[in-house]
Amino acid sequence: MPRTKKENARIRQMTKEKIRTAAMEFFIKRGYHATSISEIAKHAGISKGLLYNYYKGKEQLLAAMVEIRIGELVEVMETAKGIEKPNEQLKHIVEGAIENVFQRPEIFRFYLHLQTQPEADQELIKYSNLLIEENARQFEFQCEIFEKLNVKEPRKRSLYFSSMLQGTMLMISTYPEQFPKEEIKKQILSEFCDSTV
């Protein structure tokens, strides 16, 4: 019995996810430039030809991965925008960010590394810039939250908040098993969400 359009779409989506997962594993272990399409296809359990059916090459694959990552970041912010109280918006951002990194520390490290590419790397710098631009948009939204909280110097407070959260995320991604996640999360929430200093 032939497959339905819905079943074909589901299989297509699953195959694309397998390809992206395989690519991420290699990009993390060996780096983007040292990874070949053949290795990704083999690790995903598909032929190189089938991989090219989904992605024209390694750069298009990376572009899709970055687009998905940006979509995840946007989703957190959009959900936060739908929350009425500003301190609850901050709480949502903190909890979402910390849990995301804790569940997938190596993926956070990969995107952090991608954000810090040298400008001379013409292939990767555009994806680095896309991530940086999205972070800048998120920062502006955080500034609005701190303005609503009527804090003194909301931009500086937002910068401090971002620095604290990013530092925490980096520590979790580096030492996921040893990091006292819940205690530090509670401290951040206490400092930024329970008061308007």
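In these legends, a residue is buried at under 20% relative accessible area, exposed at over 50% and partly exposed in between, computed with a 1.4 Å probe on protein chains only. The model is predicted: local features need pLDDT of at least 70, side-chain atom pairs count only at pLDDT 80 or more, and totals for chains, interfaces and linings use all residues. Residues are numbered from 1 along each chain as its sequence is written, and side-chain values use heavy atoms, with hydrogens and water left out.

**Figure 1. Overall fold of the chain, with 9 helices and 0 strands.** Helices (H or I, at least four residues) and strands (E, at least two) are DSSP runs, numbered from the N terminus. Along the sequence, the pattern reads α-α-α-α-α-α-α-α-α. The C-alpha atoms occupy a box of roughly 60 × 45 × 35 Å along the principal axes. Of the 197 residues, 40% are buried. With contact taken as heavy atoms within 4.5 Å, 64% of the contacts between residues at least 6 apart in sequence join residues at least 24 apart.

**Figure 2. The edge-to-face pair of Phe-146 and Phe-192.** Rings of Phe, Tyr and Trp (its six-membered ring) pair if their centres lie within 6.5 Å; planes under 30 degrees apart are stacked, over 60 edge-to-face, and the rest tilted. Phe-146 is buried, at a relative accessible area of 1%. Phe-146 and Phe-192 are 6.3 Å apart, centre to centre, with 70° between the planes. This pair links distant parts of the chain, as Phe-146 belongs to helix H7 (residues 122-148) and Phe-192 to helix H9 (residues 181-193), 46 residues apart. Phe-192 is likewise buried, with a relative accessible area of 1%.

**Figure 3. The aromatic cluster of Phe-27, Tyr-32, Phe-110 and Tyr-111.** The whole structure holds 7 aromatic pairs. In one of them, the ring centres of Phe-110 and Tyr-111 are 5.0 Å apart and the planes meet at 75°, so the pair is edge-to-face. Both residues are buried: Phe-110 has a relative accessible area of 8%, and Tyr-111 has 6%.

**Figure 4. Lysine charges over the rings of Tyr-32 and Phe-141.** A charge sits over a ring if NZ of Lys or CZ of Arg is within 6 Å of the ring centre and within 35 degrees of the ring normal. The charged end of Lys-58 is 4.5 Å from the ring centre of Tyr-32. For Lys-81, over the face of Phe-141, the distance to the ring centre is 5.3 Å.

**Figure 5. Packing of helix H1 (residues 5-30) against helix H4 (residues 58-81).** Axes are lines fitted to C-alpha atoms, for helices over the stretch in contact, and angles run from 0 to 180 degrees between N-to-C directions. The axes of H1 and H4 lie 11 Å apart, at an angle of about 100°. H1 and H4 are therefore roughly perpendicular, a class that covers 65 to 115 degrees, against under 35 for roughly parallel, over 145 for roughly antiparallel and the rest for oblique. H1 contributes Ile-19, Arg-20, Ala-23, Met-24 and Phe-27 to the contact, and H4 contributes Lys-58, Leu-61, Leu-62, Met-65 and Ile-68.

**Figure 6. Asn-150 and Glu-153 in the loop between H7 and H8.** Asn-150 has a positive phi, near 55°, in a residue other than glycine. Glu-153, also not a glycine, has a positive phi of about 55°. Asn-150 is exposed, at 67% relative accessibility, whereas Glu-153 is partly exposed, at 43%.
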